[in-house]
Amino acid sequence: MKRVIIGLSGGVDSSVAAYLLKEQGYEVIGLFMKNWHDDSVTISNECPWLDDSNDAMLVAEKLGIPFQTVDLSEQYKERIVDYMFNEYEKGRTPNPDVLCNREIKFDVFMNIALELGADYVATGHYCRKGTIKKGDKKVYQLLAGADNNKDQSYFLCQLSQDQLAKSLFPIGELTKPEVRDIATKLDLVTAEKKDSQGLCFIGKVKLPDFLQQQLKPKEGVIVEVPKEQDIFNELIPEFQAEEDKLKYLSRKIDYKIDDGKIVGKHQGAHYFTKGQRKGLAVGGTIEPLFVIDTDVNENVIFTGQGKEHPGLYKKALFVTNEELHWIREDLALKVDETMQVNARIRYRQSLQKATLHKVGSGLYVEFEEFQSAITEGQFVAWYINEELIGSGVIS
C-alpha cells in the first residue's frame with residue numbers, strides 16, 4: 001500500500017483531496033504546515049493559523065487519518081520572507097505563492113514527508129499530472145486543472161521533474177463546485193469555508209501592511225507622465241538583428257522627473273508595483289492614475305492616467321538564464337531556437353499567444369498583443385495546449 005502525505009491546510013480543497021486519496025486505496029497521513037508565528041506581524045487579533053490547524057485536525061479525525069503539525073517557520077522566513085524583502089528593496093515584485101510551492105511545499109515539506117516514508121506528497125491544487133514515455137524515460141507533465149475557472153498550474157510553474165514525480169493532485173479533474181459538494185456530503189467542517197486570501201503565510205494580513213512593518217517608510221514624489229509625452233511616440237528604429245529588436249521591445253523606459261508633473265507624495269516607492277491603482281491617494285484627475293514604473297533608488301513613483309496609458313504596455317519581456325526554468329527539460333530551447341507558445345504573466349490572466357526566442361544570455365518572450373503591466377520579479381509561464389512546460393522570473 002502506497003503512503004501519501006497530504007498538506008492539510010484547513011481549507012476545503014485539501015480536505016477533499018485527502019478523502020479522494022483514501023478512496024483510491026492509499027495510506028493517507030495529514031500534515032499541517034505552520035509557516036509563521038511572529039505574532040508581532042499578525043495585524044488582526046484573530047490567529048488564523050490556529051483556526052486552520054484546528055479545522056485540518058477535525059477533517060483528519062472525520063476521515064480517520066493520522067494528523068500532525070510541522071513547524072516550518074524558520075525555513076519559511078529564510079527562503080520566502082527574506083527573499084521577498086530583498087526583492088522589494090530592489091524594486092521588484094515577487095510572487096510569494098509560486099515561491100512557497102517551490103521552496104516550501106515541494107521541497108522542505110516534501111523532504112519531511114519522504115523521511116516519514118511517503119511514496120508521494122499530495123496537495124489540493126487545481127492542476128493535473130500527466131506521464132509520458134520518451135524512449136525508456138518517464139517524463140512528467142504539469143497540466144492545467146479541469147476547472148478553467150480555478151486552474152492553479154501557474155502557481156506550480158517552478159516545479160522540477162523530481163518534484164512532479166513524487167506529487168499527486170487528487171482534485172485536478174474536479175471543479176470547485178464539485179469539490180464543495182463532496183465536502184458537504186461528507187459533512188466536513190471546511191465545506192463552506194471561504195478560500196483563503198492574502199499571503200499564504202500571514203493569514204489575514206495584507207501585503208502592504210506587512211511590508212510597512214518591515215521596510216522603513218521614506219517620503220518621495222508621485223509624478224504623472226502624460227500619454228502625449230515624446231517617449232511614447234518615438235519611431236521604432238530599424239533593426240539589423242532580431243535580438244536587437246527584442247531588446248528594444250522589452251526595454252525599461254528610463255523615466256525622469258521632468259517627463260511629467262509632480263502630483264503628490266508617497267511613503268516609499270518599494271510599496272508600489274506596476275499597474276497598481278489603489279493607494280496613490282491623488283485626486284482630481286479625469287481618469288484614475290496607474291503606476292507605470294517605480295524608481296527605488298531615487299524613490300519616485302511614475303504614474304499615468306487611465307488603464308490604456310502607453311506606459312503600461314509592452315510587447316516583450318526578458319528572463320535571464322539564472323532565472324529560466326523548464327519543467328519539460330527535454331523541450332528546453334537551445335540558442336537561436338524559437339517556439340510558439342501560450343503564456344501568462346499573472347495567475348488570473350487568460351493565455352496569450354507568444355513566441356519564445358532563446359539567446360545567449362537568456363530568453364525573450366515576445367507577445368502577439370501588447371501586455372499590460374509586465375512586472376519585474378513576477379513569473380511568466382508558458383504552455384503548449386494545456387501543459388505548462390516552463391517559466392521564469394521577469395527581469
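Q: What volume does the second largest pocket have?
A: About 490 Å³. In general, a pocket is an open set of points on a 1 Å grid over the protein atoms alone, with protein on both sides within 12 Å along at least five of seven lines. Points are joined across faces, edges and corners, and the volume is the space filled by probe spheres set on them. By the way, this is a predicted model, where local features need pLDDT of at least 70, side-chain atom pairs count only at pLDDT 80 or more, and totals for chains, interfaces and linings use all residues. Residues are numbered from 1 along each chain as its sequence is written, and side-chain values use heavy atoms, leaving out hydrogens and water.

Q: Which residues lie nearest the centre of that pocket?
A: Lining residues have an atom within 4 Å of a point. Here there are 22, and Arg251, Pro310, Tyr313, Lys314 and Phe370 lie nearest the centre.

Q: Which strand gives the most to the lining of the second largest pocket?
A: Strands are DSSP runs of E with at least two residues, numbered from the N terminus. Strand S12 gives the most, with three residues.

Q: What order do the strands of the open sheet of four have?
A: Two strands pair if DSSP finds at least two bridges between them. Here the order is S9-S8-S11-S10, with mixed pairing. S9 (261-266) and S10 (289-295) each have a single partner strand, so one side of each has no neighbour in the sheet.

Q: How many bridges join S8 to S9?
A: Five, and the two strands run antiparallel. In this pair, Gly220 stands opposite His266 in S9.

Notes
On a 1 Å grid over the protein atoms alone, a cavity is a set of points where a 1.4 Å probe fits but cannot get out, and a pocket is an open set with protein on both sides within 12 Å along at least five of seven lines; lining residues have an atom within 4 Å of a point.
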